[in-house]
Amino acid sequence: MCGIVGYIGKEQAAPILLEGLSRLEYRGYDSAGVAVFDAGTGSLAVRKAKGRLQVLSDQLHGGADLDSTVGVGHTRWATHGAPSDVNSHPQVSRSGRIAVVHNGIIENYAELKAFLTAQGVPFTSETDTEVVAQLIEYFYQGDLLAAVGRVLHRIQGAYALGILCADCPGQIVAVRKDSPLILGYGEGCNFIASDVTAILRHTRRVGYMEDGELAVLTREGIRCYNHLMQPIEKETVTVDWEIDAAEKGGYEHFMFKEIMEQPDALRRCLSPRIREGEIVFEDFSLDEEYIRSMRRIYIVACGSSYHVGMVGKYHLERLTRIPVEVALGSEFRYMAPIVDEHTLVIVISQSGETLDTMAALREARRLGGHILSIVNVVGSSIARESDQVLYTWAGPEIAVATTKAYTTQLALLSLLALWLARQLGTVPEEDCRAMLAAFQELPGKMEEVLSRRDDIQYFASQYFNHDSIFFIGRNLDYALGLEGSLKLKEISYIHSEAYASGELKHGTISLIEDGTLVVALSTYEVLFAKAMSNVVEVKARGASVLALATAPHREEMARTADSVMTIPEIHALLLPVLGVVPLQLFAYYVALMRGCDIDKPRNLAKSVTVE
Ligand code: M6R
């Protein structure tokens with residue numbers, strides 16, 4: 001997804017912008033560009049290049065070619081107009097005196113383009129963003145902020161904007177609506193960025209822009225305004241993420257680093273919330289009367305977060321006996337959801353910026369639901385628009401393929417299910433205590449799984465050249481299979497499907513032939529015998545079977561399956577949290593052996609802020 005960074009200060013801007021953009025590469029992009037004010041000529045210098053940021057950086061000799069102390073930079077992930085130099089940002093106005101970087105989509109750009117074209121304004125790109133630059137110039141009469149204000153009345157859609165004007169060399173103007181943008185406060189310098197990672201090297205003091213807000217950055221400070229152009233005070237917070245935590249820390253890939261960080265991430269997420277046999281949610285509470293009045297729970301999310309919701313449904317229904325629906329963020333609005341004040345809507349998102357999930361949240365709130373979100377990125381849009389938030393505290397996740405965010409979301413949702421069950425008294429206290437004990441064992445058991453990663457690497461070496469792989473499982477193992485399959489396909493580009501094992505004979509089994517790889521998930525003790533019979537079924541049709549079972553079932557499974565991955569025994573509530581780790585590792589090693597770009601898979605973005 002697109003990334004923005006802007007700098008105004010006393011140092012050379014271009015190297016700072018390029019370095020900041022490099023921190024945003026993980027978001028996925030197809031081109032990059034910078035615009036700086038060139039004091040020598042009194043004009044804006046704009047440089048853009050399709051492809052990796054390195055291409056741009058090489059062209060600019062690391063930024064040394066541009067002599068300036070103010071500028072904006074952008075990494076673009078194409079939406080309107082193909083990836084190309086000309087469609088890259090910054091986009092400039094016809095005179096070249098206004099430059100704009102933009103994340104999001106201007107929905108009414110075609111209408112505005114037609115209006116401007118009728119006024120004789122020539123367009124050079126296919127982007128929606130160029131409309132913003134041209135429109136600012138159209139309204140500009142010597143006061144940049146006033147012109148931007150007029151533009152905001154005309155544009156519709158989602159936008160985070162960074163704006164430079166050659167007539168105002170000591171300013172950057174920033175605007176935000178439905179697309180994240182933060183302000184960074186330095187000493188004699190200030191920043192804008194779409195993600196804190198881009199500026200952490202320079203400052204930890206940040207302010208989160210709210211929808212409709214504008215900011216004017218100078219070297220001396222930042223002035224903020226609300227949508228009525230009234231000055232406002234912006235609260236700042238200190239970000240305590242270590243820079244190292246946002247970098248690879250010696251591992252070859254962010255994904256591997258993040259897989260290995262999972263035990264610690266779980267400790268951070270769970271330890272403060274389990275004290276002396278009690279679940280303590282300091283960051284959240286629902287009163288007993290509300291809990292007892294709950295008639296339905298919706299879980300809304302996309303991608304892996306949706307898979308967390310699938311597991312959550314099984315747990316919540318089993319433990320609380322409240323009906324649970326799991327909906328994809330992109331579908332929720334169109335399915336006439338049955339939501340009212342007795343509905344708890346659990347919104348799950350790592351980034352807290354996924355637009356489809358956000359749109360579902362807003363619809364659920366409009367219908368009267370109570371919104372509780374499970375989010376990783378503190379201060380993100382979803383977190384801020386929810387009634388209550390449970391943060392996963394997994395730390396920054398950089399790889400596009402989610403790992404530690406998934407396991408912490410899952411652990412936290414499971415803990416929430418247990419907490420609700422306790423409030424409702426739907427589970428005997430003895431069982432609750434057994435489950436709580438399992439949470440405490442979880443990080444240690446996960447370390448055990450990770451310590452046997454060489455076994456998984458070996459299995460990956462056996463199977464990495466398959467073209468199509470099926471994941472099968474029942475109930476919790478089915479939900480696990482959905483995530484295992486997504487993980488594999490998104491980074492290794494191998495075609496893969498996940499099926500509920502019972503569905504095989506209703507169609508899928510016709511695809512099984514000699515040598516087809518089936519990953520058979522059979523961690524759920526209660527259904528082990530049924531899982532075994534499905535393994536026999538596919539073996540009989542010639543499949544190679546790589547199974548996943550708990551350690552006590554290893555031998556039995558090994559009698560039929562070709563290879564067996566194992567996890568230690570743990571309470572069923574937490575089986576999927578442990579079970580996903582071998583699948584993450586399998587996907588990682590397979591992608592590695594196939595030479596894939598693991599942290600930045602093709603066509604994907606970390607934070608999907610378009611519909
Ligand atoms: O940030 P979110 O949790 O809202 O993101 C949702 C999905 O885009 C995300 O989980 C995606 O499916 C991952 N790439 C999967 O690894």
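Author: An oxygen atom of the ligand is 2.6 Å from an N or O atom in the side chain of Ser305, where a polar contact is a pair of N or O atoms within 3.5 Å. The model is predicted, so local features need pLDDT of at least 70 and side-chain atom pairs pLDDT 80 or more, while totals for chains, interfaces and linings use all residues. Residues are numbered from 1 along each chain as its sequence is written, and side-chain values use heavy atoms, without hydrogens and water.

Reader: Which polar side-chain atom lies 2.4 Å from an oxygen atom of the ligand?

Author: That atom belongs to Glu490. The side chain of Lys487 also has an N or O atom 2.9 Å from a ligand oxygen.

Reader: How much of the ligand's accessible area does the protein cover?

Author: The protein covers 90% of the 420 Å² that the ligand has on its own (Shrake-Rupley method, 1.4 Å probe).

Reader: What is the make-up of the shell around the ligand?

Author: The shell holds 4 nonpolar, 8 polar and 2 charged residues, with Gly counted as polar. Helices α9 (303-320) and α16 (476-492) each give two or more residues to the shell (helices are DSSP runs of H or I, at least four residues).

Reader: Changing topic, what is the volume of the largest pocket?

Author: Its volume is about 670 Å³, the space filled by probe spheres set on the grid points.

Notes:
A polar contact is a pair of N or O atoms within 3.5 Å; within protein, one must be able to donate a hydrogen and the other to accept it, and residues adjacent in sequence count only if both atoms are side-chain atoms. On a 1 Å grid over the protein atoms alone, a cavity is a set of points where a 1.4 Å probe fits but cannot get out, and a pocket is an open set with protein on both sides within 12 Å along at least five of seven lines; lining residues have an atom within 4 Å of a point.
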